[in-house]
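Hi everyone, thanks for coming. Today I'd like to walk you through one protein model, so please have a look at it with me.

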Amino acid sequence: HHPTIQGIAMIIGKRLLARKCKTGRFKNATPCSNRSYSSAVNHFLECEDKVKKADYAHWYSSIYVKNTKARFSIMALRAFNIELAMIKSVVSQPTIQQSRLSWWRQVLEAIYNGEKIHHPVAEALYQVVHEFDLSQKWLILLITSREQDLHLRQPGTIQDVENYAENTASSLLYLSNEILGFKQVIKDDYVDPLSKASSHLGVATGITTLLRAYPHHIKLKEVYLPKDLCIKYNVSQEDLHRGETSDDIKQIIYTMADQAKGHLEAARKLTNEIPPQGRVALLSAVCKYFPILLTHKAFVDDYLIKLEKHDFNPLVPELSNIGVKTRIAVTKNYYTKKF
């Protein structure tokens, strides 16, 4: 019969249990005898593998979504984002880049029309969209933002960077919130606290992601440091392409990092207004670590702290690592339900 996410989650749970027991297989998983279920399970597991390889921080934080159905739904969502994000870096020809994004736009339209597309991520996304009645606007915004990025040589202002982060990273958090049962509430001038926090955290995450990817962008001759800051500190694109780390470049990096930190703190101030279940969606920002156990930090903080430690030099290799101490800190924050 037609597979449901609940049934898929049950099978995935049994498979994960089998892995833990190191048996390599499991018996009598009933629904798995149905080919449609078996195929659907594989699609969700493939999404998880994709996220683990390409977006480790969000994969790790998803471990603490104890509802298997919700967790793997979020993995499908993140895998969809990875599919979009990889197009620009994997495909060199602009026309092909645009055609692939257009294809995903058509896939999204088909999904909301009740049509399945034979692609692992698309099929998993189909299940999630119809199970949780996800808002189509956020998914469309992800594609639109990636399309705009194809034609962008350099963002004009820090506000442009923030808008891009809002349209991508924040949109993903809004969708994750919906999977966890929290629809955005906007009425007149009121916006619900979880959505406010998600907006701030998404912008902080987006800015930090750009900073973390700075060495990769430099190799590709791409510039995501705002033009107005480059003009202010007399930094040319040629300076950036050469991989220099002058004091002026560090000042630009500092300004962007400080902006990210400001958004992260704004999100934290809303903590007490957010339902405990909703905070799980924000766990990608969670991190506490000795000697400041009583301050609430994050994967974002982890990067920003190390960046400051290295005098805002974004080319230091250590900045790309997510250490064991950070992962332990995330675990601690899960049990305190704070971020």
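Predicted model: local features only at pLDDT ≥ 70, side-chain atom pairs only at ≥ 80, totals over all residues.

Let's begin with the largest pocket. How big is its volume? It comes to about 1,300 Å³. If you want to find the centre of this pocket on your screen, look for Ala54, Asp55, Ala85, Thr209 and Ala213, which are the closest to it among the 44 lining residues. Several helices take part here: the elements that give two or more residues to the lining are α2, α3, α4, α7, α8, α9, α10 and α15.

Which element gives the most to the lining of the largest pocket? That is α4, with nine residues. And what sort of residues are they overall? Sorted by class, the lining of the largest pocket has 24 nonpolar, 12 polar and eight charged residues.

I'd like to show you the second largest cavity, which holds about 70 Å³ of space. Its lining includes Leu210, Leu211, Tyr214, His217 and Ile218, and also Leu240 and Met256. Two elements, α9 and α10, each give two or more residues to this lining. The largest share comes from α10, with three residues. By class, the lining of the second largest cavity has nine nonpolar residues, one polar and one charged.

On to the rings. In the pair of Phe80 and Trp104, the ring centres are 5.4 Å apart and the planes are at 70 degrees, an edge-to-face arrangement. Why does this pair tie together separate parts of the chain? Because Phe80 lies in helix α4 and Trp104 in helix α5, and these parts are 24 residues apart in sequence. Both Phe80 and Trp104 are buried.

The second pair is Tyr254 with Phe312. Their ring centres are 5.2 Å apart and their planes stand at 85 degrees, so this pair is edge-to-face. Tyr254 sits in helix α13, while Phe312 is in the loop between α15 and α16, so the pair ties together parts that are 58 residues apart in sequence. What about exposure? Tyr254 is partly exposed, at 36% relative accessible area. Phe312 has 15% relative accessibility, so Phe312 counts as buried, since the cut-off for buried is under 20%.

Tyr56, Trp59 and Tyr60 are linked by ring pairs into a cluster. And if you zoom in on Phe72, you'll find Arg71 lying over the face of its ring, 5.0 Å from the ring centre.

Last, the cysteines. As a reminder, a disulfide is a covalent bond between the sulfur atoms of two cysteines. How many disulfides does a search of the whole structure find? It finds zero. Are Cys47 and Cys230 buried or exposed? Cys47 is buried, with a relative accessible area of 1%. Cys230 is buried too, at 4%.

Conventions: Residues numbered from 1 in each chain as written. Heavy atoms only, no water. 1 Å grid on protein atoms, 1.4 Å probe; cavity = no way out; pocket = protein on both sides within 12 Å on 5 of 7 lines; lining within 4 Å. Points joined across faces, edges and corners; volume = space filled by probe spheres on them. Helix = DSSP H or I, 4+ residues; strand = E, 2+ residues; numbered from the N terminus. Nonpolar A, V, L, I, M, F, W, Y, C, P; charged D, E, K, R; others polar. Disulfide = S-S within 2.5 Å. Buried < 20%, exposed > 50% of the residue type's maximum accessible area, 1.4 Å probe, protein only. Phe/Tyr/Trp six-rings, centres within 6.5 Å; stacked < 30°, edge-to-face > 60°. Lys NZ or Arg CZ within 6 Å of the ring centre and 35° of its normal.
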